[in-house]
Structure formats: structure tokens, C-alpha cells
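Please keep the sequence and the structure in view while reading.

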Amino acid sequence: MTSKSVLLDRVRPSPEQPLARPGVDRTSIGALVREFCARVRKNERLGPIFAREIAGDWEPHLEKMTDFWSSVILKTGDYHGRPVPAHVKLTDVTESDFDIWLAVFGETAAELFEPETAAIFIERAERIAASLKLAMFFRPDRTCA
Ligand code: HEM
């Protein structure tokens, strides 16, 4: 690897490679998930949706989300779920709800991680949100010919 590509890797880490940064491990990712979920549950718009969908014990959801983010960021392969059907069934969720979700996620990540690391989490969340939105809201019959 040339020194130029090493430098580029530091600036913009590849989404295919595990992120190797101090303080980024399953424990800190779990703390992010837990703080994010605590905030989202208090959110006026999203709180009632989560309360309805996860009515009982939150622990399995929190562990699943920790697996998910560990797989996304650390490439652990811990997550084996299916995000698209889990969201397509939420028929009252709108595109603007994703802006709220991303705002809460972004502020939580920015508080728990250093800015460069938070930016990586936020960029990955934005990409995944975009693909979930396509699955949920894209209607080929409504596009312009
Ligand atoms: C307005 C936006 C969103 C809402 C209201 C929402 C809501 C939910 C709810 C209620 C569940 C639990 C579903 C269930 O267990 O049956 C869930 C699961 C999940 N969400 Fe979201 N979500 C949103 C956006 C996102 C985004 C942007 C991501 C990723 C960056 C994400 C990742 C996941 C994952 C990985 C699961 C677990 C799916 C599974 O394997 O069962 N969600 N979400």
C-alpha cells in the first residue's frame, strides 16, 4: 500500500474494512446503541412507534442493534437479521421520520465518539437510511416518464 493510499484510508476508511480506531469496540458501540435508543424512546414522534413495536423487554433489541452496528463498523459478522422487512411493515413511518432518527443518532454519536469517528457512524447510518427509504417509499409507478 502506498503512503498516499494509507493517508486516504485514514481520511476516508473503506466501508469494507473493519474500522480500527481507539475506543471503537463492542462496548462503546453498545453504549451508543443504548443511549440512542433511550433518546429515541423519549422522542415525541418516534417514541410511540418504538413503544408500540417493542412492547416488552428491550434487551433483545438492544443486543441485536449492538450486533448490527458491530457488523457495520467492525465487520464482526454478528448480525444475521433482515432490516428491510422489519421496516417495511412500519406503514405509519414517513420519510421525514428518518430525518428525526438521523438527527437523534447524529447527536448521540457526536457526544460519545470523537468527531472523525462520529462522522463515520453518521455516514454509514445515512447510507443505510437511504436504502431503507428506497425499500419503503420508492414507487416506480410514481416516477416521471
Ligand atoms: C424513522 C426511522 C426508523 C424507525 C421508526 C425504525 C424503527 C424500528 C423498529 C420499531 C424496529 C423493531 C422491529 C421489530 O423488532 O419488529 C427496528 C429494527 C431495526 N432497525 Fe430501525 N427504524 C428506523 C430507522 C433505522 C435506520 C436508519 C437503521 C440503520 C441505520 C435501522 C436499523 C434497524 C435494524 C438493524 C433493526 C433490526 C431488524 C431485525 O433484524 O429485526 N433502523 N427499527
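The buried residues of helix α7 are T117, A118, I120, F121, R124, A125, A129, L132 and M136, where buried means under 20% relative accessible area with a 1.4 Å probe and protein chains only. They pack against α2, α4, α5 and α6; a contact here means heavy atoms within 4.5 Å. This is a predicted model, in which local features need pLDDT of at least 70 and side-chain atom pairs count only at pLDDT 80 or more, while totals for chains, interfaces and linings use all residues. Residues are numbered from 1 along each chain as its sequence is written, and side-chain values use heavy atoms, with hydrogens and water left out.

Not counting residues up to four places away in sequence, T117 touches L19, R21 and V24.

**The helices**

The chain has 7 helices and 0 strands. Helices are DSSP runs of H or I with at least four residues, strands are runs of E with at least two, and both are numbered from the N terminus. Of the 145 residues of the chain, 35% count as buried. Among contacts between residues at least 6 apart in sequence, 78% join residues at least 24 apart.

Two helices can be set side by side. The expected span in the table is 1.5 Å times one less than the number of residues.

| Helix | Length | First to last C-alpha | Expected span |
|---|---|---|---|
| α6 | 18 residues | 26 Å | 26 Å |
| α7 | 23 residues | 31 Å | 33 Å |

In α6 the buried residues are D97, F98, L102, V104, F105, G106, T108 and A109. Their packing partners are α2, α3, α4 and α7.

**The core**

A nonpolar core is a set of buried Ala, Val, Leu, Ile, Met, Phe, Trp, Tyr and Cys residues joined through side-chain atoms within 4.5 Å. The largest one has 35 residues, and those with the most contacts inside it are V24, I29, W69, I73, F105 and F121. Two or more residues of this core come from each of α2, α3, α4, α6 and α7. The largest share, 7 residues, belongs to α7. Leaving aside neighbours within four places in sequence, F105 is in contact with L32, F36, W69, F121, I122 and A125.

On a 1 Å grid over the protein atoms alone, a cavity is a set of points where a 1.4 Å probe fits but cannot get out, a pocket is an open set with protein on both sides within 12 Å along at least five of seven lines, and lining residues have an atom within 4 Å of a point. Grid points are joined across faces, edges and corners, and a volume is the space filled by probe spheres set on the points.

The structure holds 1 cavity of 30 Å³ or more.

The largest pocket has a volume of about 770 Å³. Of its 29 lining residues, F50, H61, M65, A86 and H87 are the closest to its centre.

How values were computed:
Buried < 20%, exposed > 50% of the residue type's maximum accessible area, 1.4 Å probe, protein only.
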